[in-house]
Amino acid sequence: MIAPSITGGAICLRCRLRLLRQSTQPFRASSRIFQIQHPSLRRFASESPARAFGQNQLAEGQDEAFDSKEQAQDDKLGNREKEYGVKRTDVRKRHLSRNRILTEDAQNLNSDMLGKPASVIVMRDGGLYQKKDRPPAAVGPDNEPDTQPINIEALLNSQREPPDLQEVRKNIRSLRPKTETALSEREFRKLQASLTDGFLSAQLHEYLEYHKRNGHPSTPAFKYDWIKEISPWVPLANQSSAVEGTDPSLYGYITDSTTAKEKLAIRIMRECWGLSIVDLDAGLGETRIKIRNFEFLLLMRGTKRWLTVMGKVWLEAGEKIEAFRNKKMLRLVTTKTKAATLIKDLDDTLKQVTTKSFPVNLITSKPIDEVVLEEVGRITNTHVRKPQGTEQLNVTWIELKKRAAKGLVGLEDLCDVVFRLLLTAYNPQPATTTSLYVAGQYDGSAGRFVPNTIDKEKLGWKDRMGQWARYKLPLIPEGDTSAAESPLDRLELPVERQTVESEFDENNEFLPETQPPIHPVKWAEDLKISTKAAFGYLLHANDTSTTPPLPDLLTANHPRVFTSVTPHPLHLAKLEASDDEAANVLIQTKTTIVIRFWPSPTQRDQGEIPKIRRRIRKKIRNKTPKNWVVTPPAPLLELRLATSGGEIKGVESLRAIKQTCITDVMLPASLVDLRYTQSQHADLKGDPADLATWQPLADFLRPARLDLERGKFEVPPHQKFPIPRRLFNYAIEWDPDATINMDELISTSYTFVGLEIHHSVSMPYEGFKLTYTSISTEEGDGRSAEISLEPGLKSKISVAEDTGKLRNDFLAACEKFARTDTLWSGYLASRRES
């Protein structure tokens with residue numbers, strides 16, 4: 001490095017060398033100026049020979065008078081210059097003739113020539129020209145010219161001390177750009193050359209080490225608590241040609257031919273000053289971020305909604321975000337400016353972390369497996385855990401910024417979703433009884449449990465985690481009819497046909513703004529019974545250590561599930577063409593939204609006993625814990641919304657289900673099994689327009705967001721409904737002396753437990769109603785389809801029909817449909833005559 005302050009004044013090196021050479025050589029005057037001016041005089045003399053001194057000389061007296069007059073004019077002009085501060089410029093020309101100075105001037109002749117005043121040019125004598133002689137240099141040994149070569153470094157070292165480290169750092173820092181950090185390729189390389197040529201390698205290395213020791217950041221770092229480590233953005237274009245072992249921050253800036261000193265200069269520019277080349281920043285590069293365990297776990301839950309949202313908003317073609325679970329690291333492949341934007345947006349996303357909790361005993365009194373909590377967290381994009389020493393379940397999730405910005409309040413959040421999924425998975429449906437039958441009389445040892453490897457997507461989210469099997473028999477000879485004998489002669493509840501459904505007027509406004517003070521709706525006094533037969537597989541828990549043999553299976557309460565199966569649509573079309581009754585009946589299609597509610601479980605104190613329970617056994621009171629969970633014996637509620645043209649038109653019905661009976665029939669010799677579902681219910685009576693304005697339904701539906709086209713549904717998690725006391729199911733003893741009004745309305749809190757969209761098409765079959773339904777369920781329960789058979793409507797038959805005959809005909813039609821192999825296999829011929 002060359003220090004700026006050199007002894008002898010602020011003179012650059014080039015000028016000092018020039019002066020040094022001049023001081024070592026004698027002065028030689030040049031006469032070039034005279035050689036240039038002489039010809040001008042000669043040309044002047046040749047052009048006007050009359051004006052020469054020897055031919056046209058003025059009288060000596062006249063000359064002196066003229067000089068005195070001219071001197072007076074000069075003094076007068078000088079005084080004016082002093083008075084007005086104006087400097088006069090002498091425009092008269094001077095010539096050198098031999099050794100005399102001649103001044104050119106003009107003189108009037110006081111006469112006219114060719115009609116104009118005449119004048120002449122006068123050359124006035126300015127005296128002799130005298131050379132300015134320089135004093136000759138003293139002759140001596142010190143002044144003799146030095147013929148040896150000049151050593152510049154020795155000359156500088158003799159004049160000053162070497163620069164200290166602080167001055168070196170200051171001079172290096174002075175080259176740093178004040179504001180710009182992104183430079184063009186030319187500016188970047190020019191600055192690199194200034195560092196390389198102006199400083200020594202040791203000085204550059206010392207500056208780099210000093211910067212590392214003091215930790216001065218070149219650019220603002222991302223100071224977020226959730227970031228454990230972040231790498232600088234590096235371009236991708238030059239990584240393939242990068243030298244092995246090169247720092248990633250130098251990709252694209254160094255090559256194989258880059259010297260060690262140039263690398264030091266580039267490292268100072270990149271690591272210390274944060275400078276970069278504009279063209280490289282505009283291309284794709286990568287940034288790697290290591291994240292804390294908790295935040296990374298939340299980001300990786302389920303479908304990674306944040307990744308989908310950020311991808312739609314920020315990422316373009318070629319850009320991506322990659323996650324490495326084993327390293328808990330994110331890799332952002334974007335431009336440099338967009339990488340910083342993504343990190344800022346990710347920080348805003350993590351600021352939306354929300355945690356809520358609820359008691360575990362509201363779900364079940366048994367321990368909940370961690371695998372189940374992990375699965376429900378995956379489905380709902382949440383992190384569910386049970387802290388040690390507590391009886392609470394904590395649900396943590398990242399709330400979407402879009403949802404928070406809209407200020408959606410009162411709607412179901414992810415904690416409510418986790419609660420209802422666990423509630424329906426660990427608890428059977430309230431007020432529901434089940435029974436199991438098997439068709440035929442045969443040796444049970446001939447059958448086998450065949451594992452179910454298909455149709456798992458039709459099962460509930462918790463059932464998919466288990467192993468299930470269907471009980472089957474080998475092919476039976478055609479003459480053997482023992483397996484075809486019906487196991488049922490009756491069902492738990494009578495089989496009834498439904499009354500004519502009320503027509504829904506699409507012109508009625510859904511949820512009007514103004515509500516009448518009194519709504520003409522009330523619960524029906526008579527209970528109705530609906531019956532539906534579904535076709536599919538009865539699957540039993542496939543655990544060899546606990547699965548009982550067939551005779552014990554019928555009496556044991558062994559876990560089982562039902563998955564629906566549908567025939568191919570071509571078979572249904574052939575069935576329609578062969579049915580004479582179907583040709584005369586219009587096939588009905590309908591789309592309905594089905595919303596289900598369960599009575600809300602609540603924690604109660606032992607002393608807080610409902611008024612409806614007048615007398616409870618003392619032994620139950622003594623065994624009840626201090627905080628016990630009470631589920632009101634209220635009926636289930638099922639709300640149906642009518643739709644048309646992709647829009648919700650209004651309320652179709654609200655049904656209170658007091659009792660549900662499920663009868664499962666195993667048909668091991670057939671391709672499918674049967675499930676009969678009967679429900680005893682009461683409907684809310686009133687016009688569809690009045691149902692929509694009923695206060696409880698209006699309170700539930702008004703804040704709800706039901707987007708049928710996009711499949712987005714958000715509803716309140718809880719709602720209170722007034723239920724008549726007669727629809728409750730009481731399983732305890734009553735005080736016979738108490739007077740109870742069974743029509744009294746009891747405000748009961750309900751929990752929303754699920755929503756389904758049913759697209760159905762119906763046609764007659766054997767005098768009954770055959771319905772094909774495509775079911776779209778909420779996230780976590782998948783999609784499915786089912787085929788069902790129902791008794792149909794009363795308006796189609798005689799009112800005086802025998803209920804016993806109706807039941808037998810219905811059971812026979814259901815078994816016929818289940819045993820028709822061509823409907824379910826697609827290629828096997830029927831082995832039994834209908």
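Two strands are taken to pair if DSSP finds at least two bridges between them. Strands (E, at least two residues) and helices (H or I, at least four) are DSSP runs, numbered from the N terminus. The structure is a predicted model, in which local features need pLDDT of at least 70 and side-chain atom pairs count only at pLDDT 80 or more, while totals for chains, interfaces and linings use all residues. Residues are numbered from 1 along each chain as its sequence is written, and side-chain values use heavy atoms, with hydrogens and water left out.

An open sheet is built from 3 strands in the order β1-β2-β3, and the pairing is antiparallel. Its edge strands are β1 (94–97) and β3 (116–128), each of which pairs on one side only. From one strand to the next, the twist averages 40 degrees. Axes here are lines fitted to C-alpha atoms, for helices over the stretch in contact, and angles run from 0 to 180 degrees between N-to-C directions. Strand β2 spans residues 100–113 and joins β3 through 10 antiparallel bridges. Opposite M113 stands K116 of β3.

Strand β18 covers residues 528–541. Of its 14 residues, 12 are buried. Buried denotes under 20% relative accessible area, exposed over 50%, and partly exposed in between (1.4 Å probe, protein chains only). Several strands pair with β18. Strand β19 (residues 560–564) runs antiparallel to β18 and is joined to it by 5 bridges. Here L538 is partnered by F562 of β19. Strand β16 (residues 468–472) pairs with β18 in the antiparallel sense over 2 bridges; W468 bridges to A541 in β18. Strand β31 (residues 783–790) is also antiparallel to β18, again over 2 bridges. A533 finds its bridge partner in L789 of β31.

Helix α13 spans residues 370–380. Its buried residues are V372, L373, E375, V376, G377, I379 and T380. They pack against β12 (383–385), β13 (392–398) and α15 (414–426). Contact means heavy atoms within 4.5 Å. The N-terminal end of α13 is capped by D369, with a side-chain oxygen 3.3 Å from the backbone nitrogen of V371. A polar contact is a pair of N or O atoms within 3.5 Å; within protein, one must be able to donate a hydrogen and the other to accept it, and residues adjacent in sequence count only if both atoms are side-chain atoms. Just after α13, N381 adopts a positive phi of about 60 degrees.
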